[in-house]
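Q: I would like to go through this structure step by step. Could we begin with how the chains meet and then look at single parts?
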Amino acid sequence: MLKTFAIASALALTMGGIAEAQTPRKGGTIRLTAPYGSSFANLDIHTSNRAQDEIYAKAIHRTLYNWDSAANKPVLELATGVTASPDGLVYTFKLRDDAIFHHGRKMTADDIIWTFNRLMDGTKAYPGARYVRIIKGAVDVEKGQAKTISGLKKIDDTTLEITLTSKVDPGFYFHAAMTSIYPADEAVKESFNSKPIGLGPYKFLEYVPGSRLVGERWEKFYKPGKPYADKVSISIMGEAAARDVAFRNKEIDTSILGPAQYVAYQGDPALSKGLLEVAEVYTRNMGMNQNFKPFADKRVRQAINHAIDSDLIIKRLVKGKAYRATGWLPLSSPAYDKNLKPYAYDPEKAKKLLAEAGYADGFEFEWTATSNESWGIPIVEAVIPMLEKVGIKVKIKPVEGTVLSEVVSKGEYQAYIWSNTSGPDPLEALKCFHSATPQSACNYTAFKNANLDKVLDEAAASEGEKRIELLKKANAIVQEEAPVWFFNYNKAVMAYQPWLKGLQPNATELAIQYPEELWVEESSPAAK
Amino acid sequence: MLSFIVRRLLQTIPIILAVALLIFVMFSVIPGTFASSMGDDGRGMLDAQVMERMNKEFGLADPVYVRFGKYIAQLAQLDLGMSFRTRQPVSSVLADRMWPTLQLSFAAMMFSIVIGVPLGFIAALRPGSIIDTVSMVGAVSGLSVPKFWLGLLMMYFFALQLGWLPSFGYGDGGLRYLTLPAVALGVAPLALLARTTRAAVLEIMNADFVRTARSKGMSEWRVVQWHLARNALVIVLTTIGLQFGTVIGQAVVIEKLFAWPGLGSLLVDSVTLRDIPVVQGAILLIVMFFLLVNTLVDVLCAIIDPRIKYT
């Protein structure tokens, strides 16, 4: 209890510590990094769901909602107000009349309608379709049975009515960069792919594929006085060691740290002052396929949770760069239950549970894992002797990330270890354990539990505090049923230079920053 | 000479076809697709409908033989297809990345040739001397040092400690940004060239025609210029040609480390994300470049040593 409280307090302090009272300085260049690979997919953000691409997209583009990191919830961005019908299905948005695209035209309701229709184009494969599908009639467009989404209605240029198919908070659906609003007239041109036009705080200036993307301040950005910097430069740097040297050499303003670097930066008196830590909405876990006989028994799954000393692994291998998972929903989730206790490390209890399930002599399973240092083979290797103590033998099946996602979504595995998104919408996160959710979507363990389905359905039909309470209840059921080994919640760590201000503790993905909030002091090497 | 060049170029065609076939087969059998790669960061898989559409859009839903037929038909028209990731023609994706790789490879090779060849020559002319011992110890070390580690060390000293050069990036593509990655990439070929040149010169020094030249009273300078250098050059040129191909292949590590936007880093990302058309195009391009350089080397060798064109 004390420990959980300490973690939550530390998180709150970290978040609070970011708020600055200084007057933002204008000018200079903000030098961010895109750390998840050696390139961006392309400059059409509708075609990519990767965090790497979302980093640049937040500079160039805007979505109907933004993610408010301080409040930890979605907030209106391209609208000044919204009203919901009593049944919670019809939302009327009063759109901004001062949002101007980088080519000089005002945004209207038509642009949003055009964008959402584009995402549902049945001949294309836009990842954002998963979000737009929540709008009534979107599926008809996807199937080619309608030309436009019936649930989108333009009242006038600045008023848009959206009818949803179920009672959800649209903010959770329309803040992702892959639903960025495009200018209908320009986006159809071929040049758009190389020179994107958006509503964001920075206008596209230059892209050197595989190296950097640079944006310059959009003077007509709708937030007065913002952005502060003249330019934002996003360097593509997938190599952690190289980022480390560049950061220490003051060539970049931010760097996402791995476990080894985290320890080194913590031990350095100067660097340790510039660490931003956030409990991201990712839960590291070992999924257990319910179609594999031993894992169909709850007691076996619980035994595995008791047999592994998660705290020890977090301390020794993950170097403290993680928070112990109690259930599925992470610390930063609005439905996180601070009273929920994690599975205790208790090999004797594990043995007892295995014996009760008919596996007193243990069993063997194949564990599919990537080489990831925080949730891959190094972790599996540490777990193997712990499981052996209770009689369970493990055979590692090493794969790369692309293969892991394929075999898991097809159910072609016995157990896997992965880091899966568990937010920001707690309802969506827990629906991954609803029996109606296919394995190919996110019910990777093929989990079925009628009681959980009932609670989740009730939560979906309710709102406010009642929904949160029901989701806590659902989270407790998932914990009790243990479809996974609850390992940890990712503690994302960003190192930042002392002159960079305005960073946001974005729990959805720390590397994704809204650059209009950032500014650099005079001491930055790129202050001019 | 023209017929020699034509013959050499014609010989490259079956090699290119064999490579094209091999790449196609390899990437048809390995698991994972572009659509599945989009879920590997744990942010959620694409939903089944979108995945299905994506596979259909990219032709991955077709049987392998149909895909192979389409691939060969495209190649025959010099069309490398569309990138799954960028949704642009592969040729334009490769064009964006080719120049930085060529810059890096040429710079690395120039560095290795300018230093490695004279070093090997001097070492061979003074066998057993301090310069010979030091250069050969350096050569063995250069060949043994992992590029990644060497690159990091150079970053640390020349960027972080001395502040002479930027530690990463392409910048304006100029010498300031090119120096560190080029030197890190060029150390291994430098070492190999130094060793090869030394061995070649030493072998020729003991040849009958060199002894004859000396016994005729020819000056040492003329012996070196007319007999040693000319004969050693064939071996050195062949090594340079082979090393060019190796350097382009090994640039993968250096490009990733220094965030240099070349073909190597593109290739690694494309393999990871299963952007197969780009992988196929990039490998074909590297192979063709390798063949071209080696054909050029063969032609040069034939010019230097007229016996070669008749073999």
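Q: How many residues of chain B are in contact with chain A?
A: This is a predicted model. In it, 48 residues of chain B are in contact with 50 residues of chain A.

Q: Which elements of chain B give two or more residues to that side?
A: They are α2 (34-37), α3 (48-57), α5, α7 (147-161), α10 (220-257) and α11 (263-272) of chain B.

Q: And how do the residues on the side of chain B that touches chain A divide by class?
A: They divide into 22 nonpolar, 13 polar and 13 charged residues.

Q: Where does UniProt place the domain feature of chain B?
A: The unreviewed entry gives "domain: ABC transmembrane type-1" at residues 98-297 of chain B. Over residues 98-297 the chain is 84% helix and 0% strand, and the end C-alpha atoms are 21 Å apart.

Q: Now, helix packing. At what angle do α5 and α6 of chain B pack?
A: Helix α5 (residues 90-125) and helix α6 (residues 130-144) of chain B pack at about 135 degrees, and their axes are 8 Å apart. The arrangement of α5(B) and α6(B) is therefore oblique. Their crossing is left-handed.

Q: Which residues make the contact between α5(B) and α6(B)?
A: From α5(B) there are Leu119(B), Ile122(B) and Ala123(B), while α6(B) provides Ile131(B), Asp132(B), Ser135(B) and Met136(B). By class, this contact has five nonpolar, one polar and one charged residues.

Q: Moving to chain A, is helix α14 largely enclosed or open?
A: Helix α14 (residues 401-410) of chain A is largely enclosed by the rest of the structure, because eight of its 10 residues are buried. Among them are Gly401(A), Val403(A), Leu404(A) and Glu406(A).

Q: What covers the buried residues of α14(A)?
A: The cover includes β12 (275-288), β14 (363-369) and β16 (415-421) of chain A, together with α2 and α11 of chain B.

Q: What follows α14(A)?
A: Gly411(A) follows α14(A), and its phi is positive, near 75 degrees.

Q: Where is Val390(A), and is it buried or exposed?
A: Val390(A) is in the loop between α13 (377-389) and β15 (392-398) of chain A. Val390(A) is buried, because 22 other C-beta atoms lie within 10 Å.

Q: What is Val390(A) in contact with, leaving aside neighbours within four places in sequence?
A: Its contacts are Ala303(A), Ala307(A), Pro347(A), Ala350(A), Lys351(A), Leu354(A) and Gly362(A).

Q: Last one: is Thr80(A) buried or partly exposed?
A: Thr80(A) counts as partly exposed, because it has 14 C-beta neighbours inside 10 Å. Thr80(A) belongs to strand β4 (residues 79-84) of chain A. Leaving aside neighbours within four places in sequence, Thr80(A) is in contact with Lys94(A) and Arg96(A).

Notes. Residues numbered from 1 in each chain as written. Chains lettered and ligands numbered in written order. Predicted model: local features only at pLDDT ≥ 70, side-chain atom pairs only at ≥ 80, totals over all residues. Axes fitted to C-alpha atoms, helices over the stretch in contact; angles between N-to-C directions. Helix = DSSP H or I, 4+ residues; strand = E, 2+ residues; numbered from the N terminus. Parallel < 35°, antiparallel > 145°, perpendicular 65-115°, else oblique. Left-handed = near helix turned anticlockwise from the far one by under 90°. Contact = placed C-beta atoms within 7 Å. Nonpolar A, V, L, I, M, F, W, Y, C, P; charged D, E, K, R; others polar. Buried ≥ 20, exposed ≤ 12 C-beta atoms within 10 Å, placed from the backbone. UniProt positions renumbered as here; feature names shortened; annotations may be inferred.
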